[in-house]
Amino acid sequence: MLGKTQTLGDLISTDYLFKLIIKRFEVDQDDLQKSISTIRKENNVDLNFLTEILIAFEDINSFSSQKLAEFPIKLVVNYLRKTHHYYISKKLPELEQTIYHLKQKNNNPTVQVLLHFFNDYKRSLLEHIEVEENELFPYVLFLDYASSEKTDKVEAYYKEFGNISIETFMMEHDHEHETRLKEIINYLAAREKNLNDQLSFKVLLTQFQALNKDLRVHEKLEEDVLLPKAQLLEKLLQA
Ligand SMILES: [Fe+2]
Ligand SMILES: [Fe+2]
(Lines give C-alpha, C1' and ligand atoms only; values in the text may rest on other atoms or scores of the structure.)
(Ligands and ions follow the chains in the order given, each with its own letter.)
Protein backbone atom coordinates (compact mmCIF):
# COMPACT_ATOMS: atom_id res chain seq x y z
CA MET A 1 0.00 0.00 0.00
CA LEU A 2 1.07 3.57 -0.56
CA GLY A 3 2.58 4.82 2.69
CA LYS A 4 1.68 8.33 3.79
CA THR A 5 5.23 9.22 4.83
CA GLN A 6 6.74 7.63 1.74
CA THR A 7 8.00 10.10 -0.84
CA LEU A 8 7.01 9.90 -4.47
CA GLY A 9 10.65 9.05 -5.28
CA ASP A 10 10.68 6.14 -2.77
CA LEU A 11 7.45 4.84 -4.17
CA ILE A 12 8.69 4.95 -7.75
CA SER A 13 11.86 3.07 -6.84
CA THR A 14 9.77 0.08 -5.64
CA ASP A 15 8.59 -0.96 -9.09
CA TYR A 16 10.17 -0.60 -12.52
CA LEU A 17 6.73 -0.11 -14.05
CA PHE A 18 6.26 3.01 -11.92
CA LYS A 19 9.43 4.49 -13.44
CA LEU A 20 7.88 4.08 -16.87
CA ILE A 21 4.58 5.58 -15.77
CA ILE A 22 6.04 8.82 -14.40
CA LYS A 23 7.54 9.52 -17.82
CA ARG A 24 3.95 10.21 -18.92
CA PHE A 25 3.83 13.15 -16.48
CA GLU A 26 5.70 16.38 -15.87
CA VAL A 27 7.51 15.44 -12.68
CA ASP A 28 10.62 17.29 -11.46
CA GLN A 29 13.21 16.56 -8.75
CA ASP A 30 11.34 18.59 -6.12
CA ASP A 31 8.17 16.60 -6.72
CA LEU A 32 10.04 13.35 -6.09
CA GLN A 33 11.00 14.54 -2.58
CA LYS A 34 7.38 15.15 -1.59
CA SER A 35 5.52 12.67 0.59
CA ILE A 36 2.33 11.12 -0.75
CA SER A 37 0.30 12.81 2.01
CA THR A 38 1.73 16.24 1.06
CA ILE A 39 0.88 15.65 -2.60
CA ARG A 40 -2.68 14.76 -1.62
CA LYS A 41 -3.03 18.00 0.35
CA GLU A 42 -1.53 20.19 -2.36
CA ASN A 43 -3.61 21.45 -5.20
CA ASN A 44 -1.35 20.07 -7.90
CA VAL A 45 -3.72 18.39 -10.33
CA ASP A 46 -1.00 16.56 -12.30
CA LEU A 47 0.63 15.02 -9.23
CA ASN A 48 -2.68 14.01 -7.72
CA PHE A 49 -3.68 12.36 -10.96
CA LEU A 50 -0.32 10.54 -11.07
CA THR A 51 -0.86 9.29 -7.50
CA GLU A 52 -4.31 7.95 -8.39
CA ILE A 53 -2.87 6.17 -11.42
CA LEU A 54 -0.07 4.61 -9.32
CA ILE A 55 -2.64 3.41 -6.78
CA ALA A 56 -4.52 1.69 -9.62
CA PHE A 57 -1.30 0.12 -10.92
CA GLU A 58 -0.44 -1.19 -7.48
CA ASP A 59 -3.83 -2.83 -7.14
CA ILE A 60 -6.50 -2.67 -9.85
CA ASN A 61 -9.20 -3.13 -7.17
CA SER A 62 -8.17 0.27 -5.75
CA PHE A 63 -8.92 1.95 -9.09
CA SER A 64 -11.29 4.75 -8.10
CA SER A 65 -13.50 5.84 -11.01
CA GLN A 66 -15.05 8.41 -8.71
CA LYS A 67 -11.76 10.12 -7.85
CA LEU A 68 -10.37 9.86 -11.37
CA ALA A 69 -13.55 11.39 -12.80
CA GLU A 70 -12.76 14.59 -10.89
CA PHE A 71 -9.74 15.31 -13.12
CA PRO A 72 -10.02 17.41 -16.29
CA ILE A 73 -10.78 15.53 -19.52
CA LYS A 74 -7.71 17.03 -21.20
CA LEU A 75 -5.46 15.52 -18.55
CA VAL A 76 -7.02 12.07 -18.95
CA VAL A 77 -6.77 12.20 -22.76
CA ASN A 78 -3.18 13.42 -22.53
CA TYR A 79 -2.26 10.44 -20.32
CA LEU A 80 -4.06 7.99 -22.65
CA ARG A 81 -2.30 9.44 -25.71
CA LYS A 82 1.12 9.20 -24.10
CA THR A 83 0.37 5.62 -23.16
CA HIS A 84 -0.63 4.77 -26.74
CA HIS A 85 2.59 6.34 -27.92
CA TYR A 86 4.57 4.25 -25.45
CA TYR A 87 2.90 1.02 -26.68
CA ILE A 88 3.66 1.83 -30.31
CA SER A 89 7.14 3.26 -30.01
CA LYS A 90 8.57 1.18 -27.13
CA LYS A 91 6.49 -1.75 -25.99
CA LEU A 92 5.63 -3.46 -29.29
CA PRO A 93 9.20 -3.13 -30.73
CA GLU A 94 10.62 -4.44 -27.42
CA LEU A 95 8.34 -7.51 -27.54
CA GLU A 96 9.18 -8.04 -31.19
CA GLN A 97 12.89 -7.98 -30.42
CA THR A 98 12.59 -10.55 -27.61
CA ILE A 99 10.54 -12.87 -29.85
CA TYR A 100 13.23 -12.47 -32.52
CA HIS A 101 15.89 -13.54 -29.99
CA LEU A 102 13.82 -16.57 -29.04
CA LYS A 103 13.39 -17.47 -32.71
CA GLN A 104 17.15 -17.35 -33.27
CA LYS A 105 17.69 -19.97 -30.58
CA ASN A 106 14.45 -21.98 -30.71
CA ASN A 107 13.09 -22.10 -34.21
CA ASN A 108 10.47 -24.67 -33.22
CA PRO A 109 6.66 -24.81 -33.67
CA THR A 110 6.07 -23.11 -30.29
CA VAL A 111 7.93 -19.99 -31.42
CA GLN A 112 6.21 -20.07 -34.82
CA VAL A 113 2.79 -20.15 -33.14
CA LEU A 114 3.87 -17.41 -30.75
CA LEU A 115 4.92 -15.23 -33.65
CA HIS A 116 1.57 -15.79 -35.32
CA PHE A 117 -0.29 -14.88 -32.08
CA PHE A 118 1.85 -11.80 -31.62
CA ASN A 119 1.30 -10.46 -35.14
CA ASP A 120 -2.44 -10.94 -34.73
CA TYR A 121 -2.34 -9.22 -31.37
CA LYS A 122 -0.29 -6.30 -32.68
CA ARG A 123 -2.72 -5.74 -35.54
CA SER A 124 -5.77 -5.66 -33.26
CA LEU A 125 -4.08 -3.32 -30.74
CA LEU A 126 -2.98 -0.90 -33.48
CA GLU A 127 -6.48 -0.86 -34.99
CA HIS A 128 -7.98 -0.19 -31.55
CA ILE A 129 -5.56 2.70 -30.92
CA GLU A 130 -6.17 4.18 -34.36
CA VAL A 131 -9.93 4.48 -33.79
CA GLU A 132 -9.37 6.13 -30.41
CA GLU A 133 -6.74 8.56 -31.66
CA ASN A 134 -8.54 9.53 -34.88
CA GLU A 135 -12.19 9.46 -33.83
CA LEU A 136 -12.82 9.13 -30.10
CA PHE A 137 -10.28 11.57 -28.61
CA PRO A 138 -10.95 14.44 -31.05
CA TYR A 139 -14.69 14.06 -30.37
CA VAL A 140 -14.24 13.93 -26.58
CA LEU A 141 -11.96 17.00 -26.68
CA PHE A 142 -14.53 18.77 -28.83
CA LEU A 143 -17.30 17.97 -26.30
CA ASP A 144 -15.07 19.30 -23.52
CA TYR A 145 -14.32 22.48 -25.47
CA ALA A 146 -17.94 22.97 -26.56
CA SER A 147 -19.29 22.64 -23.02
CA SER A 148 -16.76 25.01 -21.48
CA GLU A 149 -16.95 27.62 -24.25
CA LYS A 150 -20.74 27.33 -24.61
CA THR A 151 -20.27 27.19 -28.35
CA ASP A 152 -23.03 26.62 -30.86
CA LYS A 153 -20.72 24.66 -33.15
CA VAL A 154 -22.11 21.30 -32.03
CA GLU A 155 -24.36 20.82 -35.04
CA ALA A 156 -21.58 21.86 -37.42
CA TYR A 157 -19.34 19.19 -35.86
CA TYR A 158 -21.91 16.45 -36.43
CA LYS A 159 -22.43 17.68 -39.98
CA GLU A 160 -18.73 17.36 -40.65
CA PHE A 161 -18.04 14.08 -38.84
CA GLY A 162 -21.34 12.27 -39.24
CA ASN A 163 -23.56 10.62 -36.66
CA ILE A 164 -20.96 10.18 -34.03
CA SER A 165 -21.99 9.32 -30.45
CA ILE A 166 -20.35 8.22 -27.22
CA GLU A 167 -22.84 5.37 -26.97
CA THR A 168 -21.48 3.91 -30.23
CA PHE A 169 -17.92 4.15 -28.91
CA MET A 170 -19.04 2.46 -25.69
CA MET A 171 -20.56 -0.42 -27.63
CA GLU A 172 -17.62 -0.74 -29.99
CA HIS A 173 -14.89 -0.38 -27.37
CA ASP A 174 -14.01 -4.04 -27.69
CA HIS A 175 -11.62 -6.12 -25.66
CA GLU A 176 -10.36 -8.25 -28.51
CA HIS A 177 -6.74 -7.24 -28.02
CA GLU A 178 -6.98 -7.90 -24.27
CA THR A 179 -8.33 -11.40 -24.90
CA ARG A 180 -5.52 -12.08 -27.37
CA LEU A 181 -2.93 -10.85 -24.90
CA LYS A 182 -4.25 -13.18 -22.21
CA GLU A 183 -4.15 -16.06 -24.71
CA ILE A 184 -0.47 -15.32 -25.42
CA ILE A 185 0.38 -15.19 -21.70
CA ASN A 186 -1.41 -18.51 -21.07
CA TYR A 187 0.20 -20.08 -24.13
CA LEU A 188 3.66 -19.02 -22.96
CA ALA A 189 3.11 -20.10 -19.37
CA ALA A 190 2.00 -23.57 -20.49
CA ARG A 191 4.99 -24.12 -22.79
CA GLU A 192 7.89 -22.89 -20.77
CA LYS A 193 9.64 -26.29 -20.97
CA ASN A 194 9.54 -26.36 -24.77
CA LEU A 195 11.85 -23.40 -24.96
CA ASN A 196 15.57 -23.85 -24.52
CA ASP A 197 16.42 -20.21 -24.06
CA GLN A 198 14.93 -19.83 -20.59
CA LEU A 199 16.23 -16.31 -20.07
CA SER A 200 14.68 -14.82 -23.23
CA PHE A 201 11.54 -16.75 -22.42
CA LYS A 202 11.28 -15.30 -18.89
CA VAL A 203 12.02 -11.79 -20.22
CA LEU A 204 9.25 -12.19 -22.79
CA LEU A 205 6.72 -13.44 -20.25
CA THR A 206 7.56 -10.51 -17.91
CA GLN A 207 7.25 -8.03 -20.79
CA PHE A 208 3.82 -9.36 -21.76
CA GLN A 209 2.64 -9.34 -18.14
CA ALA A 210 3.78 -5.72 -17.71
CA LEU A 211 1.87 -4.71 -20.83
CA ASN A 212 -1.19 -6.54 -19.54
CA LYS A 213 -1.05 -4.60 -16.25
CA ASP A 214 -0.56 -1.29 -18.07
CA LEU A 215 -3.46 -1.98 -20.45
CA ARG A 216 -5.83 -2.95 -17.66
CA VAL A 217 -5.49 0.50 -16.06
CA HIS A 218 -5.57 2.19 -19.48
CA GLU A 219 -8.77 0.50 -20.67
CA LYS A 220 -10.49 1.00 -17.32
CA LEU A 221 -9.63 4.69 -17.47
CA GLU A 222 -11.28 4.86 -20.90
CA GLU A 223 -14.37 2.80 -20.01
CA ASP A 224 -15.09 3.83 -16.45
CA VAL A 225 -13.86 7.45 -16.51
CA LEU A 226 -13.47 9.01 -19.95
CA LEU A 227 -16.52 7.60 -21.75
CA PRO A 228 -19.04 8.25 -18.93
CA LYS A 229 -17.68 11.79 -18.48
CA ALA A 230 -17.91 12.46 -22.22
CA GLN A 231 -21.42 11.02 -22.37
CA LEU A 232 -22.55 13.40 -19.66
CA LEU A 233 -21.19 16.38 -21.61
CA GLU A 234 -22.80 15.09 -24.79
CA LYS A 235 -26.20 14.86 -23.07
CA LEU A 236 -25.88 18.39 -21.69
CA LEU A 237 -24.92 19.76 -25.09
CA GLN A 238 -27.76 18.03 -26.87
CA ALA A 239 -30.37 19.00 -24.28
FE1 LIG B 1 -6.61 3.40 -25.59
FE1 LIG C 1 -9.31 1.35 -25.57
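**Entry 1: getting my bearings.** Before I looked at any helix pair, I reminded myself that an axis here is a line fitted to C-alpha atoms, for helices over the stretch in contact, and that angles between N-to-C directions run from 0 to 180 degrees. I also noted that this is a predicted model.

**Entry 2: the whole protein.** I counted the elements and found 12 helices and zero strands. The C-alpha trace spans about 65 × 50 × 25 Å along its principal axes. I then looked up burial: 20% of the 239 residues count as buried. For contacts between residues at least 6 apart in sequence, I found that 77% join residues at least 24 apart.

**Entry 3: a helix pair.** How do α7 and α12 cross? Helix α7 covers residues 73–105 and helix α12 covers residues 198–238; their axes come within 10 Å and cross at roughly 160 degrees. Angles over 145 degrees count as roughly antiparallel, so α7 is roughly antiparallel to α12. I checked the handedness too, and the crossing of α7 and α12 is left-handed. Sorting the residues of this contact, I got 14 nonpolar, six polar and five charged.

**Entry 4: helix α5.** Next I picked α5, residues 45–58, which has 14 residues. From first C-alpha to last, α5 reaches 20 Å, close to the 20 Å expected at 1.5 Å a residue. Which residues of α5 are buried? My list reads L47, F49, L50, E52, I53, L54 and A56. A handy reminder for reading such a list: an α-helix has 3.6 residues a turn, so residues three or four places apart point the same way.

Terms used. Residues numbered from 1 in each chain as written. Chains lettered and ligands numbered in written order. Predicted model: local features only at pLDDT ≥ 70, side-chain atom pairs only at ≥ 80, totals over all residues. Helix = DSSP H or I, 4+ residues; strand = E, 2+ residues; numbered from the N terminus. Parallel < 35°, antiparallel > 145°, perpendicular 65-115°, else oblique. Left-handed = near helix turned anticlockwise from the far one by under 90°. Nonpolar A, V, L, I, M, F, W, Y, C, P; charged D, E, K, R; others polar. Buried ≥ 20, exposed ≤ 12 C-beta atoms within 10 Å, placed from the backbone. Contact = placed C-beta atoms within 7 Å. Expected span 1.5 Å × (residues − 1).
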